[in-house]
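Work through the exercises below with the model open beside you. Try each task before you read its solution.

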Amino acid sequence: MKIQKKKIFFLFVDGVGVGEPGNPISDLFAPFIGPGKFHRQALPYRDSELYLKPIDARLGVPGLPQSGSGQTTIMTGVNAPRLLGYHLLAFPNEKLLPVIAERSILKVLKEGGVRVSSANLYSHSFVEERRKRHRNMLPVSTLAIQAAEIPLRYQEDYAAGKAVFADITNEMLIRRGFPVQTLDPEGAARRILNIFDDQDFVFFEYFLTDTYGHNRDAERLRQATSLLNDFLRSLWQQGREEISILVTSDHGNAEDMSSGDHSLNGVPFFFLSSELGRHLELCEQVQDLTGIHPFIRDCFGVDHG
């Protein structure tokens, strides 16, 4: 019997850790926990619908957590830094590629009878150009989608109201000359819910928090925080009866302006559901990045295999 009756929207936000009060992203999740409370002194936080706490991204391996190994861990449940013996930058290497191909959460859910999809808008050139490189240049998210043998979303999906670009607003596309209109957070949320018309689990990746963190651009981080808050609030207001929302990250960065590098801070485990009471035990079991994969499987009652 499946535990999770509702559908799940999984938002991966790159480079977001739990830092000190007053940092540029301390207003993250403000519509749900109040302004300025996303920091280690105010967490964990729990109410009747939300479970939010920091979880470990170091995974028992010395050094700063990195995207390639952290995201692999999230999407597969395998401790990728421990497997490699180090934290891997950016893109998965030859040792991690078969792990993703075998254990992608999208693949595992699909094999368990769950309808899965990604909401991110792609261009054909993005995939084609990166496939020509002598080594893997595709991010974990794209590889996880391909492992499940589900289609990427392209312009025709966007035209049908069933895709969202990675920056949510389309501003990056407009600067690059693409003929699209600016999208507000409410419109982006509607597009996500359109995808849920025939899906049970939808993944979406937002990476600009990591970009702005590396640039030590506090103002852009505050803008990104506000955008994410508006997006999540609108999605919850429109879809509360249909979906639960899961948010996590791969490593800290945006919360620490001291260096422009990643941090050792924990990252958020954010689970918002009107049926939270039925999932408290599962939430409590998540202690680090390896726990995201089994949490999602357990929510859908999919066997660990």
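Predicted model: local features only at pLDDT ≥ 70, side-chain atom pairs only at ≥ 80, totals over all residues.

Residues are numbered from 1 along each chain as its sequence is written, and side-chain values use heavy atoms, with hydrogens and water left out.

**Exercise 1. The cores**

Task: Find which residues touch the most other members of the largest nonpolar core.

Solution. 
- Step 1: A nonpolar core is a set of buried Ala, Val, Leu, Ile, Met, Phe, Trp, Tyr and Cys residues joined through side-chain atoms within 4.5 Å. Buried means under 20% relative accessible area, exposed over 50%, and partly exposed in between (1.4 Å probe, protein chains only).
- Step 2: Pick out the residues. The largest core has 50 members, and Phe9, Leu11, Phe29, Phe38, Tyr206, Ile245 and Phe270 touch the most others.
- Step 3: Look for the main supplier. Helix α12 (residues 218-239) gives the most to this core, eight residues. Helices (H or I, at least four residues) and strands (E, at least two) are DSSP runs, numbered from the N terminus.
- Step 4: Find the other core. Another core, of 45 residues, lies apart from the largest one and includes Ile8, Met75, Leu280 and Phe295.
- Step 5: Zoom in on Tyr206. Leaving out residues up to four places away in sequence, Tyr206 touches Leu11, Phe12, Val13, Asp14, Ala166, Asp167, Ile168, Ala224, Leu227 and Leu228. Contact here means heavy atoms within 4.5 Å.

**Exercise 2. The cysteines**

Solution. 
- Step 1: Recall the bond. A disulfide is a covalent bond between the sulfur atoms of two cysteines.
- Step 2: Set the rule. A pair of cysteine sulfur atoms within 2.5 Å counts as a disulfide.
- Step 3: Count. The rule gives zero disulfides.
- Step 4: Check burial. Cys283 is buried, at 0% relative accessibility. Cys299 is buried too, with a relative accessible area of 0%.

**Exercise 3. The cavities**

Task: Say how many cavities of 30 Å³ or more there are, and name what lines the largest cavity.

Solution. 
- Step 1: Know the method. Rolling a probe the size of a water molecule over the atoms shows where empty space is left. On a 1 Å grid over the protein atoms alone, a cavity is a set of points where a 1.4 Å probe fits but cannot get out; a pocket is an open set with protein on both sides within 12 Å along at least five of seven lines; lining residues have an atom within 4 Å of a point. Grid points are joined across faces, edges and corners, and a volume is the space filled by probe spheres set on the points.
- Step 2: Count. There are two cavities of 30 Å³ or more.
- Step 3: Take the largest cavity, with a volume of about 60 Å³. Its lining is Phe10, Phe12, Gln71, Ile74, Met75, Val140, Ser141, Phe203 and Glu205. Helix α2 gives the most, three residues.
- Step 4: Sort that lining by class. Ala, Val, Leu, Ile, Met, Phe, Trp, Tyr, Cys and Pro count as nonpolar, Asp, Glu, Lys and Arg as charged, and the others, Gly among them, as polar.
- Step 5: Take the second largest cavity, of about 30 Å³. Its lining has eight nonpolar, no polar and no charged residues.

**Exercise 4. The pockets**

Task: Find which helix gives the largest share of the lining of the largest pocket.

Solution. 
- Step 1: Size it. The largest pocket holds about 940 Å³ of space.
- Step 2: Find its centre. Among its 34 lining residues, Phe126, Arg130, Pro139, Ala166 and Phe207 are the closest to the centre.
- Step 3: Compare suppliers. The largest share, four residues, comes from α6.
- Step 4: Move to the second largest pocket, with about 180 Å³. Here α12 gives the most, four residues.

**Exercise 5. A loop residue**

Task: Decide whether Asn265 is buried or exposed.

Solution. 
- Step 1: Locate it. Asn265 is in the loop between β6 (243-248) and β7 (267-272).
- Step 2: Read the area. Asn265 has a relative accessible area of 16%, so it is buried.
- Step 3: List contacts. Leaving out residues up to four places away in sequence, Asn265 touches Val18, Gly19, Arg40, Gly252 and Glu255.
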